Amino acid sequence: MSSIIQLLPDHVANQIAAGEVVQRPASVVKELLENAIDAKATDIKLVVKDAGKTLIQVIDNGMGMSVTDARLCFERHATSKIRHAEDLFDLHTKGFRGEALASIAAIAHVELKTKRDQEELGTHIVIEGSKFVAQDAAVLPKGTSFLVKNLFFNIPARRNFLKSDTVEMRHVIDEFQRVALAHPSIYFTLIHNGSEMFNLPPSNYRQRIVNLLGGKTNEKLVPVTEDTEIVKISGFIGKPEFAKKNRNEQFFFVNDRFIKSAYLHHAIMSAYEGLLKEGNQPSYFLYLQVPPNTIDINIHPTKTEIKFDDEQSLYAILRSAVKHSLGQFNVAPVLDFER
Ligand code: ADP
Ligand code: MG
């Protein structure tokens, strides 16, 4: 034999990609919620059973898919969101990799129901481990429903690696909250094991935060605003006296996408300097809008880390905006007598 290299069959390639995109039920939740948002849904329902281990369903009232697209959406690198490499630097959607559905369908049982507004009938497709097992036309409401069952059914090692329902559900709720906080104008519902955990009617940013985190949150929020060429900042920070020991209420959104950034977190902490007791963490819900061509989102498949062109200016602007808000609302330093 002169050659030993072979191209992997699609279903194998998909399963490998799935290892990166889908770590746990919460990853599926994130991808499906983001697809619903990209489809311009105004009402999105998330239904899970056993913390998503047995069932995850996302139902939206978005644009739906044609019969051809309903089939194509499960192909790898199949996306309606970008066409050219340049588009990567001008992203206006959550998705663009065309990888999520192919990955999910490779490692679970998936049932898709979708209908576009202008069509009489919708499409119903069942795909299991990358194999199409059923397809027919069906009477459906406008929008899309993805039902994902038996995640990791063909990767026992992954399945066994899943944590308890409590832990996995915590991750699901985290993803749900991040998406719900980024899109307060969308109606979100979360149902777990038959009972409603969240019912979030359309509202503004402040009200959405309060609806998600409880009525007491309102009194601790101080608005932050800043408007520069580099970044527009809006959102809220918590008054220092409400700071807590954990980091559960710290959120950055960049162009409506939740991101993690140790660097920007540091900017906030430095703005709070002298105002917090040792070890306390302030709440923050900060929404940054930056020109899409000044960031790179494509550095990791889950897209929670991004690269900014001018990180240092961003740091300085953010720090000063937070400092300004803390000053303006007469937030007095905590005199730390107890130590
Ligand atoms: P990406 O989101 O990166 O494009 P996905 O694999 O998540 O890749 O989805 C593939 C395509 O399927 C999307 O580009 C979109 O055209 C279509 N699609 C997925 N989910 C929905 C939905 N809920 N409503 C309408 N179209 C959808
Ligand atoms: Mg997607």
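In which hand do helix 2 and helix 6 cross? The crossing of these two helices is right-handed in the predicted model described here, where a crossing is called right-handed if the near helix is turned clockwise from the far one by less than a right angle and left-handed if anticlockwise. Residues are numbered from 1 along each chain as its sequence is written, and chains are lettered from A and ligands numbered from 1 in the order in which they are written. Because the model is predicted, local features need pLDDT of at least 70 and side-chain atom pairs count only at pLDDT 80 or more, whereas totals for chains, interfaces and linings use all residues.

The mean pLDDT of the chain (the predictor's confidence in each residue, from 0 to 100) is 93, and 97% of the residues reach 70 or more. For the complex, the predictor gives an ipTM of 0.99 and a pTM of 0.93.

Two packed helices are described by the angle between their axes and the distance between the axes. Helices are DSSP runs of H or I with at least four residues, numbered from the N terminus, and axes are lines fitted to C-alpha atoms over the stretch in contact, with angles running from 0 to 180 degrees between N-to-C directions. The axes of helix 2 and helix 6 come within 8 Å and cross at roughly 20 degrees, and the two helices are therefore roughly parallel to each other, a term for angles under 35 degrees, while those over 145 count as roughly antiparallel. Their contact (C-beta atoms, placed from the backbone, within 7 Å) is made by P25, A26, V29, K30 and L33 of helix 2 and by E168, H171, V172, D174, E175, F176 and V179 of helix 6. By class, this contact has seven nonpolar, one polar and four charged residues; Ala, Val, Leu, Ile, Met, Phe, Trp, Tyr, Cys and Pro count as nonpolar, Asp, Glu, Lys and Arg as charged, and the others, Gly among them, as polar.

Helix 6 (residues 165-182) also packs with helix 7 (residues 205-213), their axes coming within 9 Å and crossing at roughly 160 degrees, so that the pair is roughly antiparallel. Q177, A180 and L181 of helix 6 and R208, I209 and L212 of helix 7 make this contact.

Around ligand 1 there are 24 residues, of which N35, A39, C73, T79 and G95 are the closest, a residue being near a molecule if its C-beta atom, placed from the backbone, lies within 6 Å of it. Helix 2 (25-38) and helix 4 (100-106) each supply at least two residues of this shell, and helix 2 gives the most, with four. The shell comprises ten nonpolar, eight polar and six charged residues.

Key. Parallel < 35°, antiparallel > 145°, perpendicular 65-115°, else oblique. Contact = placed C-beta atoms within 7 Å.
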